[in-house]
Amino acid sequence: TLTATSFSNCTSSAVITVSVDNTPTVTAVISPSVVCVNQPVIMTAFGASSYTWTGGITNGGVYTPTTNGSYTYAVSGTNACGNSTAAVVLTVNPLPNITASINNPTVCSGSSIILNGGGSVSGYTWSAGAPNNTAIVPPTTTSYVVTGAGSNGCTNTAAVGVTVLITPNIPPVVTPTAICFGSTATLSATGATGFTWTPGSNPNTATIVVSPPVSTTYTLVRTNGPCSSSRTVNLVVFPLPLVNASATPTQICAGTGANLVVSGPTTNTWLPGGFTMANFTIYPNVSTNYTVTGSNGNCTATAIVTVVVNPSPTITISSSTNIICQGNNVTLTGNGGLSYTWQPMNTSNTTQIVSPSTTTIITLSGSNSFGCTSSVSQLIQVFPLPNTNLTGSSSFICVGQTAAISITSPASNVVYNWNTGTGGTSISASPSVTTNYFVTATNTITGCVNTSTFVLSVYIATFVVTSPTAICNGQTTTLTATGPASSYVWTGNGGIPIASGVSSVTISPLVTTNYSVTGTTGNCSNQQAFSVIVHPLPNVTVQTAKKQICRLEVSIIIGSGATSYSWNTGATTPTITVAPAATTTYTLTGTDVNGCSKTTTVTQFVATCIGLEDFETDSADGIMVYPNPNNGNFTIRSSEKISVSIINALGQVISTVTLDDNNGNEVTVNSLPTGVYFITGQKNGVALKAKIIVER
């Protein structure tokens with residue numbers, strides 16, 4: 001210790017220590033000496049002033065081994081006198097292999113998870129007090145750490161995380177909750193990343209605008225990743241009142257009315273006018289749109305009806321005259337319209353020519369392009385015509401007779417003039433032909449003129465008889481008289497009466513005949529004579545080249561006696577060629593130059609021949625044998641009753657057969673031996689014969 005004193009007698013001291021060391025004796029201590037991996041230990045050396053440990057360990061500091069095993073750590077201690085060493089042994093036990101697992105690393109809020117630890121020999125301890133292998137509901141996204149121990153007492157940890165996705169739970173909102181039909185409402189939602197509305201056509205939209213026709217329940221599915229929830233909202237739709245409005249009619253003319261009618265709503269208001277009636281009549285002067293607003297208590301609807309007001313036309317009549325004589329015409333022309341109707345004529349011309357018989361009021365109704373009408377009337381004064389009714393002592397006279405024609409009830413103020421050049425109220429007439437007599441009457445006061453005609457018929461003894469000038473024998477014809485006669489008398493050759501009182505008679509003369517007819521009207525008569533020529537029918541004949549032929553053999557059939565021919569086969573030549581398969585009758589109609597026709601027939605007999613032609617007798621009315629040749633079986637046929645004999649080649653009569661009504665003039669012969677045979681007989685003194693051949 002050093003003490004110093006100043007001039008002022010103040011003192012201060014300092015100490016210095018002098019250490020005297022021996023060569024150090026170093027000892028080392030480790031605590032603890034047995035640890036688990038990653039468990040800290042402290043190694044401390046004593047006995048020196050400085051220390052150096054192997055492995056970079058700080059004396060007295062914390063050291064944490066990271067691998068298991070047995071390790072020796074040396075320390076060198078040094079002081080001023082020298083150094084010495086010491087060592088410690090550290091045993092590091094391995095950590096157990098602890099595992100942590102989770103059944104679902106991502107869940108929606110409110111969902112549960114199960115944590116499982118592995119690798120421990122003495123159970124598991126989870127952070128946050130979570131149980132092992134038991135369902136828990138994680139409140140939020142977090143990590144869970146599990147601690148487990150090994151058999152050496154070492155513990156280890158493992159961690160596992162869970163992501164908790166929030167399940168949307170904010171309910172959707174509908175604004176407003178009730179609408180009228182045709183209005184819109186907004187559906188909106190929050191708190192999710194995805195939105196699906198049903199019904200709806202806007203996927204993944206948080207807000208939609210809807211206008212359903214009826215009250216509708218909407219379902220919203222909200223999603224956050226895999227988490228979803230659904231909620232429903234109701235939108236009430238009130239129906240609009242059914243406003244049925246109409247105007248009857250929809251177009252009117254000025255001054256007329258239209259009926260407005262509305263049905264459906266409980267209350268109505270019409271504009272313009274502010275009327276609240278459901279049915280009323282209006283008389284607008286101009287075209288107007290009427291809007292009716294109807295309400296049913298919740299909603300309103302409108303309807304518009306238009307009443308078009310069209311102007312009416314100004315109709316006038318231009319008349320050629322207002323005063324006429326009966327029977328004369330007045331030309332009336334309508335003006336100011338597009339179409340017209342005249343009454344009482346009920347016509348529609350623009351110009352109307354009328355001839356009223358009495359004083360008349362003519363009314364014209366005219367319409368314009370809008371269909372509006374107006375009417376105007378015109379008086380037409382009509383003077384009657386003077387009387388010209390004629391009467392005659394007779395309306396029908398014979399040539400040379402006289403008739404008197406006079407005015408019926410003549411008037412004193414009327415002058416009468418006849419076409420004969422005379423005046424007065426009557427005339428005498430004796431025309432040679434039917435003549436028209438007319439009189440002209442003039443009223444000296446009104447100037448009206450009238451005429452009348454009287455037809456005086458004069459019977460001229462002529463009439464017309466229509467009949468064919470020629471007919472064919474056997475035909476019927478009608479004679480007809482036409483003309484002014486009222487009755488007729490018909491006679492034949494020599495004046496023999498045929499008919500009377502009729503204008504037509506039917507005749508069928510066998511030869512050319514003279515006829516006459518007398519026509520009578522009143523006491524006037526005339527006679528006409530004429531002839532009807534009767535042509536004979538043509539002598540049409542037909543014959544076959546061979547009376548009998550074999551099946552499908554060609555035959556010629558010849559017709560004659562006419563100028564044109566028509567066969568039932570369709571042929572039009574005199575001669576036809578046929579090849580029938582069976583006996584056939586052919587019909588021929590022949591016509592001569594006079595157009596007269598006759599029909600006749602012929603039969604072509606057909607036999608079934610085998611190898612040779614059938615044999616035919618020389619006589620046209622002989623016998624037929626078929627088939628020929630044959631196998632011993634054949635048929636004998638004749639046109640009438642006859643007896644024939646069958647003779648062999650030696651002249652011996654083999655058989656005699658009779659063809660009569662009992663066997664239909666036909667006999668079948670059977671089982672004749674092979675050979676040549678002759679069949680003979682007689683008819684009307686003429687020998688009949690046929691040769692047959694039997695072969696097998």
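This is a predicted model: local features need pLDDT of at least 70, side-chain atom pairs count only at pLDDT 80 or more; totals for chains, interfaces and linings use all residues.
1. The pairing of E4 with E9. Strand E4 and strand E9 (residues 82-93) run parallel and are joined by three bridges.

2. The disulfide of Cys36. A search of the whole structure finds six disulfides, and one of them is formed by Cys36 and Cys154, whose sulfur atoms are 1.8 Å apart. The link of Cys36 and Cys154 is left-handed, with -95 degrees about the S-S bond. Because Cys36 lies in strand E4 while Cys154 lies in the loop between strand E15 (142-149) and strand E16 (155-165), the pair ties together parts that are 118 residues apart in sequence. Both ends are buried by the cut-off of under 20% relative accessible area: Cys36 has a relative accessibility of 11%, and Cys154 has 0%.

3. The disulfide of Cys108. Cys108 is joined to Cys227 by a disulfide, with a distance of 1.7 Å from S to S. This link of Cys108 and Cys227 is left-handed, with -100 degrees about the S-S bond. Here Cys108 belongs to strand E11 (residues 106-108) and Cys227 to strand E23 (residues 227-238), so the pair ties together parts that are 119 residues apart in sequence. Cys108 counts as buried at 16% relative accessibility, and Cys227 counts as buried at 0%.

4. The disulfide of Cys180. A disulfide is also formed by Cys180 and Cys299, with their sulfur atoms 1.9 Å apart, and the link of Cys180 and Cys299 is left-handed, with -95 degrees about the S-S bond. Since Cys180 is located in strand E18 (residues 178-180) and Cys299 in the loop between strand E29 (288-295) and strand E30 (300-310), the pair ties together parts that are 119 residues apart in sequence. Cys299 is buried, its relative accessible area being 1%.

5. Aromatic residues. Across the whole structure, a search finds five aromatic pairs. Among them is the pair of Tyr71 and Tyr73, which is tilted, with 6.5 Å from centre to centre and 40 degrees between the planes. Tyr71 is partly exposed, with a relative accessible area of 28%, whereas Tyr73 is buried, with a relative accessible area of 8%. Together with Tyr63, the residues Tyr71 and Tyr73 form one aromatic cluster.

6. Strands E40 and E42. Strand E40 (residues 403-407) and E42 run antiparallel and are joined by four bridges, and in this pairing Ala404 stands opposite Ser428 in E42.

7. Cis peptide bonds. From Ser31 to Pro32 the peptide bond is cis, with omega near -15 degrees, and Pro32 is found in the loop between strand E3 (27-31) and strand E4 (34-36). Tyr626 and Pro627 are likewise joined by a cis peptide bond, with omega about -5 degrees, and Pro627 lies in the loop between strand E60 (623-626) and strand E61 (634-638).

8. Positive phi at two asparagines. Although Asn9 is not a glycine, it has a positive phi of about 75 degrees; Asn9 lies in the loop between strand E1 (2-5) and strand E2 (11-14) and counts as exposed at 61% relative accessibility. Asn346, also not a glycine, has a positive phi of about 55 degrees. The place of Asn346 is in the loop between strand E34 (339-343) and strand E35 (351-354), and Asn346 is exposed, with a relative accessible area of 57%.

Notes: Residues are numbered from 1 along each chain as its sequence is written. Side-chain values use heavy atoms; hydrogens and water are left out. Two strands pair if DSSP finds at least two bridges between them. Rings of Phe, Tyr and Trp (its six-membered ring) pair if their centres lie within 6.5 Å; planes under 30 degrees apart count as stacked, over 60 as edge-to-face and the rest as tilted. Buried means under 20% relative accessible area, exposed over 50%, partly exposed in between (1.4 Å probe, protein chains only). A disulfide is a pair of cysteine sulfur atoms within 2.5 Å.
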